[in-house]
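Subject: Structure handover

Hello,

The structure is below, followed by notes on what was found in it. Please read the notes with the coordinates open.

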Amino acid sequence: MFVDSHCHINFEGLGDRLPDVLDKMRELQVTHALCVSVDLETLPSVLDIAERCENVYASVGVHPDHEHMREPSVAELVELAQHPKVCAIGETGLDYYRLEGRSIDDMEWQRERFRTHIRAAHRTDKPLIIHTRSSSADTLRIMREERAEVPGGVMHCFTEPWDVAEQALAQNFHISLSGIVTFKKATDVQDVARRVPIERLLIETDSPYLAPVPYRGKPNEPAYVSYVGRHIAQLRETTDEALAQATTDNFFRLFKIARPVAH
Ligand code: NI
């Protein structure tokens, strides 16, 4: 019923108990998950899970927070994206949250890396998975300059105010909400959850991080996307089924994944 559009089940704590993670998904009616790459060094573990699990898909990319990792080229991302289970480029984007004494000017390497990913998305016609933190103006500017609206994609784990969501929506992007939407003080995110057009909404866990209430502070896993979905259904005053149906349809359409035949 629900789909987790963004998780890291290759990470420690999830990858080493994968059969449990998949069982729990079945139990809570989470049918599919997208395991998102954060660097080239650990990409093999992402692809390995996607190859072994029919209902898990993969992406290729290097996260803006992973600074001292091998830098990808457009050609390399394009090549890696040929893998049959790879359905997106990312996660990529900008993160100015931890500048560690540097200025925003010093972060040109992040902006270059982001442009590389957008160019790879154009070349492969695969959507982008974009992370933005403390950097929304530059993120939106680079998206515009590189015409990211052509491949399109998703602003993942969205925590920005509504005006940023509007600008991303205007660039043909989807908005994905994580367990943060269940946190009492996350009023900006709840506002976005109410206002995003239903056909542009995705849900995710970003597990192992950011477990939703009632598991807040505990390790997260894809099964818990059901709590994210149910909470948003309440905020939007719709049914769990309608919210699940719409976000699942959006997932398969955005990532161009052939819909599995229902048994
Ligand atoms: Ni992530």
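**Contacts and nonpolar cores**

Leaving aside neighbours within four places in sequence, I175 is in contact (heavy atoms within 4.5 Å) with V154, M155, F158, A165, A168, L169, V192, V196, R200, L201 and L202. I175 also belongs to the largest nonpolar core, which has 66 residues; those with the most contacts inside it are I9, I175, L177 and I232. Apart from it lies another core, of 14 residues, with V36, I129, F255 and I257 among them. A nonpolar core here is a set of buried Ala, Val, Leu, Ile, Met, Phe, Trp, Tyr and Cys residues joined through side-chain atoms within 4.5 Å. Buried means under 20% relative accessible area, exposed over 50%, and partly exposed in between, with a 1.4 Å probe and protein chains only.

**Basis**

This is a predicted model, in which local features need pLDDT of at least 70 and side-chain atom pairs count only at pLDDT 80 or more, while totals for chains, interfaces and linings use all residues. Residues are numbered from 1 along each chain as its sequence is written, and side-chain values use heavy atoms, with hydrogens and water left out.

**Sheet and helices**

Helices (H or I, at least four residues) and strands (E, at least two) are DSSP runs numbered from the N terminus. Two strands pair if DSSP finds at least two bridges between them. Eight strands form an open sheet in the order 1-2-3-4-5-6-7-8, with parallel pairing. Strand 1 and strand 8 are the edge strands, each pairing on one side only. On average, neighbouring strands of this sheet are turned by 30° against each other, direction ignored.

Strand 7 (residues 173–177) is joined to strand 8 by three bridges, and the two run parallel; S176 stands opposite L202 in strand 8. Helix 6 (residues 162–170) lies across strand 6 (153–155) and strand 7, at about 140° to strand 7. Helix 8 lies across strand 1, strand 2, strand 7 and strand 8, at about 115° to strand 1. For these angles, axes are lines fitted to C-alpha atoms, for helices over the stretch in contact, and angles run from 0 to 180 degrees between N-to-C directions.

**Strand 3**

Strand 3 (residues 56–60) has five of its five residues buried. V56, A58 and V60 lie on one side, Y57 and S59 on the other. Strand 3 pairs in the parallel sense over three bridges with strand 2 (residues 30–35), and likewise over three bridges with strand 4 (residues 86–95). Y57 is the bridge partner of L34, and S59 stands opposite A88 in strand 4.

S59 has a relative accessible area of 0%, so it counts as buried. Its contacts beyond four places in sequence include L34, C35, V36, A88, E91 and I129.

**Nickel site**

H6 (NE2), H8 (NE2), E91 (OE) and D206 (OD) coordinate the nickel ion at 2.1 to 2.4 Å. Donors are N, O and S atoms within 2.8 Å of the metal (3.2 Å for Na, K and Ca); water is not among the atoms, so sites may look incomplete. The four donor atoms subtend angles of 82 to 172°, which makes the arrangement irregular. Four donors count as tetrahedral if all angles lie between 85 and 135 degrees; four count as square planar and six as octahedral if opposite donors are over 155 degrees apart and all others between 65 and 115; anything else is irregular.

The donor spacing in sequence is H-x1-H-x82-E-x114-D. H6, in strand 1 (residues 2–7), and D206, in the loop between strand 8 (201–203) and helix 8 (225–235), are 200 residues apart. Both H6 and D206 are buried.

Regards
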